[in-house]
Structures are given as C-alpha cells and as structure tokens.
2 protein chains.
Amino acid sequence: MACQQRAIRTRDSILETVAGLFNEVGYEAATIASLVERTGLTRGALYFHFPTKEAMARGVLAHAVTREGISPQEYKLQEWVDLGLVLAYRLPREPLLRAAVQLSVDPKARSLFGTRWPDWIDVGQDLLGEAKKRGELLPHAVPEEIARLVVGAWTGVQLVTETLPDSPGLAEEIARLYQLILPNVASPGVLAKLDTSPHRPERLLRPSEGPAAPGA
Amino acid sequence: MACQQRAIRTRDSILETVAGLFNEVGYEAATIASLVERTGLTRGALYFHFPTKEAMARGVLAHAVTREGISPQEYKLQEWVDLGLVLAYRLPREPLLRAAVQLSVDPKARSLFGTRWPDWIDVGQDLLGEAKKRGELLPHAVPEEIARLVVGAWTGVQLVTETLPDSPGLAEEIARLYQLILPNVASPGVLAKLDTSPHRPERLLRPSEGPAAPGA
C-alpha cells in the first residue's frame, strides 16, 4: 500500500512537470528528450509511468474536471458560480489545470485527445437545471445554453487574461464575467444573495482559516 | 501596377493556404515541406514571398483585425455588436481569421508573435467609450472592462463551438452571447432597439441583396 501511494505521488509529480513544459512550449514542441531532462528521471523510469507523450497528455486531461473546493450551498446557482470562481483561483497556481486548457485549444492535441469541455458543460448544465427547478433562474434562462456559453467565455477570458501585460488576476476577471452575466440569469431575489467576490475561492478552499465556530 | 496586383493576389492566396494548414495541425507541426507541397509552388517561389514560417505567421496575424462589413449606425453600441457578429459570420468562412485565433492561443506562436487581442480590445473600448458618452450604456458599465471581457468571451466561445459535435453555428452562438450580456450593459431604451440577430451579418455584408430602394 505504501508502495502504491509512492507510485501515485511519483506519477502526479511527473504530470506536474510535464504540464509545466506543455504550458511553456505547447504539446507539439515538447520533446521526449526535454521531458526526460525536466523530470530528472531516467528514460526507463519515465516510461514505466507514461510509455508515450500521448499517455502524459491523457494523464493531464484526466485531472482537468475537478470539483475540489465546491460544497453544497443554499442556492444551486451559487454552486455553479463557485465552480468557475474556484477554478479561476486554482488555475494560475496549478500547472496541471493550465496545461489541460492548453491541450484543449491546441489543434493537434485536440485532434488526438478531444477536450474536457463537454464534461464541464454537463456539470454546469446539471447545476443550472436544478437551479431552474428551484426557481432560482429568470423564466427565459435556458440552462443548456448558459452552461455552454459560460464554459466558452471562461476559457477565452483565461486565455486573454494570461497574455495581457497589466492584466488583472484571473479570479478578479472571472468574478467580473459572472457579475456581467448573472443579472440576466438569476431571479432578482437570488441575485441579491449571490456571492461573486474574487476572494470567495480562498474562503472556500481554506474554510479552517475562517472565524472559529461558536464553542470551538 | 498589374504586376504588383498579381504579386498581392499570390501573396494572399499563399496566406490562405498556409492558414488552412496552421488550422489543421497547428503552427509548430506545420513544416516548410508541407507548406511548399500545399501551396503547389516551388520552394524558391514561396521564399520569394515569405522567407520564413515566421513571416507567414506574421502575414496571417496582419489580417486578423478587420472592420470589413462594419458601417456607421445610429447607436455606437450597435457598431460594437456588429463587430462581433460579423466576425462570427466570417470566421468559419475565412481560414485566415481562424488561423489568427489559433496563433494567438498557441503558446509557442504567441511567445514569438504576440496576439492581436490588445488591438481588438482597443477597438471595442473606443466604440463602448463613445457609446457611454452618448448615454447608451447603463451608469455602472465600464467600457474598458466590457471590451476586455468580451474579447475573451468571444474567443473562447469560438474555440468551444468549433469542437462540440452538434454545436450551433458560430453566428448563432455569438448572438446568444451578446443577448446574455447586453441587458447588463445597454440602457433600457437602447437595448430595445439593438439588433442581435445571427442573420444580421449577412445583411451587413451583402447590402445589395436587400429589398430594392424606393424608385430603384
């Protein structure tokens, strides 16, 4: 068991390194030689975990859809917003997530591995559909369309934000995106109660650092 | 003069072909050999127009920011919407425009050539700033932020739309994006008069095919 855990840790650590190189030069330009050099492993050791560059890309993409940091909220719409806010906070800190976006926008990699966008759209559609049932959305809001548009918008805002010289942080920019869209999605009573602060992800991911519970 | 025009036509036709290959395999994977083969020119003839692959990429990007099809409208906000709608109509029909987006999202190409996103943001900011002066925007709308967010959102919606199996057309999807955002941007009186139909670009680009003018 200890052995298996060590293998998983090694695997994850290789993927982090691989992801970093994919981010810097792109999938196509990342050579096996440069991957070997970057990981500091022997070619044989690297191949033991990932026999091909394709296997590494698949390993990166397997980490792309994550609900880490998301917990049940009074409003399903808040959970949907949390999904995008938390990812915006995590992405600049986690090369694996950034590499997964890069693999999706790279035409060569995309033709080989597809993208995880349909999975993200499904997750969003489920949350928005449930929100709709609960009366949290405006009557004309179509969960399927909004889920699809926002996966696209989120991805593009991330790409543009990371290239702009004096760009705001990604969490700030994604928070603004939700603030722009939500008045045309949420019913007025719910809109007033949604938290779209760019500082929300920090609070969600480190709940233990919040004020102590009464009696604690 | 005839000679010069022929040279420009040849140059544009090479760029179209190059753009097609960039779209299929990405910038990095496009080899000079495959570019020579695809254009059907000799290596010497190709080099006469574009001495390097880098020069070809710069040529593609030079075509990226275009106002073709945009004409002055009663509302500046309508011109801003037209910019995005017309581009959404043109992009699937013009490999050059699609390749310019691909070069911007490709990390290697981007590190070499930058992107045209700042230019698009400037164009949008000018139009939205003028719209704001004329009272077409809601009081809290910040032209700079909206211009930046929508360049990102537009780009991502395009990327995701082209990968989804049963995806709607890009013009339909971009029209939905504006319909989602505009109620939180436009003042109510202007909102009611904006045309965000996905069929608008066709009408803008082919005005001669509209109904005949009275007395014509």
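Predicted model: local features only at pLDDT ≥ 70, side-chain atom pairs only at ≥ 80, totals over all residues.

User: What share of the residues in chain A is buried?

Analyst: Buried means under 20% relative accessible area, exposed over 50%, and partly exposed in between, with a 1.4 Å probe and protein chains only. In chain A, 50% of the 216 residues are buried. For contacts, the cut-off is heavy atoms within 4.5 Å. Among contacts in chain A between residues at least 6 apart in sequence, 67% join residues at least 24 apart.

User: How do I read a helix pair, say helix 5 and helix 8 of chain B? At what angle do they pack?

Analyst: Axes are lines fitted to C-alpha atoms, for helices over the stretch in contact, and angles run from 0 to 180 degrees between N-to-C directions. Helix 5 (residues 76–90) and helix 8 (residues 117–133) of chain B pack at about 155°, with axes 7 Å apart. That makes helix 5 of chain B roughly antiparallel to helix 8 of chain B; angles under 35 degrees count as roughly parallel, over 145 as roughly antiparallel, 65 to 115 as roughly perpendicular and the rest as oblique. Residues making the contact include B:Trp80 and B:Leu83 of helix 5 and B:Trp120 and B:Leu127 of helix 8. Helix 5 of chain B is mostly covered, with 15 of its 15 residues buried.

User: And helix 10 of chain A: why is it called largely enclosed?

Analyst: Because 9 of its 12 residues are buried, helix 10 of chain A is largely enclosed by the rest of the structure. Among those buried are A:Leu170, A:Ile174, A:Tyr178 and A:Ile181. The buried residues of this helix pack against helix 5 (76–90) and helix 9 (143–163) of chain A, together with helix 9 (143–163) and helix 10 (170–181) of chain B.

User: Now single residues. Is A:Thr161 buried or exposed?

Analyst: A:Thr161 lies in helix 9 of chain A, and it counts as buried because its relative accessibility is 7%. Leaving aside neighbours within four places in sequence, A:Thr161 is in contact with A:Ser167, A:Pro168, A:Gly169, A:Leu170 and A:Glu173.

User: Where does A:Ser187 lie?

Analyst: A:Ser187 is in the loop between helix 10 (170–181) and helix 11 (188–191) of chain A. At 13% relative accessibility, A:Ser187 counts as buried. Beyond neighbours within four places in sequence, A:Ser187 is in contact with A:Gly135, A:Glu136, A:Leu137 and A:Leu138.

User: Finally, which residues of chain A does UniProt give for the "DNA-binding region"?

Analyst: UniProt positions are given in the numbering used here, feature names are shortened, and annotations may be inferred rather than shown by experiment. The unreviewed UniProt entry places "DNA-binding region" at residues 31–50 of chain A. Over residues 31–50, the chain is 75% helix and 0% strand, with end C-alpha atoms 14 Å apart. The unreviewed UniProt entry also has "domain: HTH tetR-type" covering residues 8–68 of chain A; that span is 70% helix and 0% strand.

Notes:
Residues numbered from 1 in each chain as written. Chains lettered and ligands numbered in written order. Heavy atoms only, no water. Helix = DSSP H or I, 4+ residues; strand = E, 2+ residues; numbered from the N terminus.
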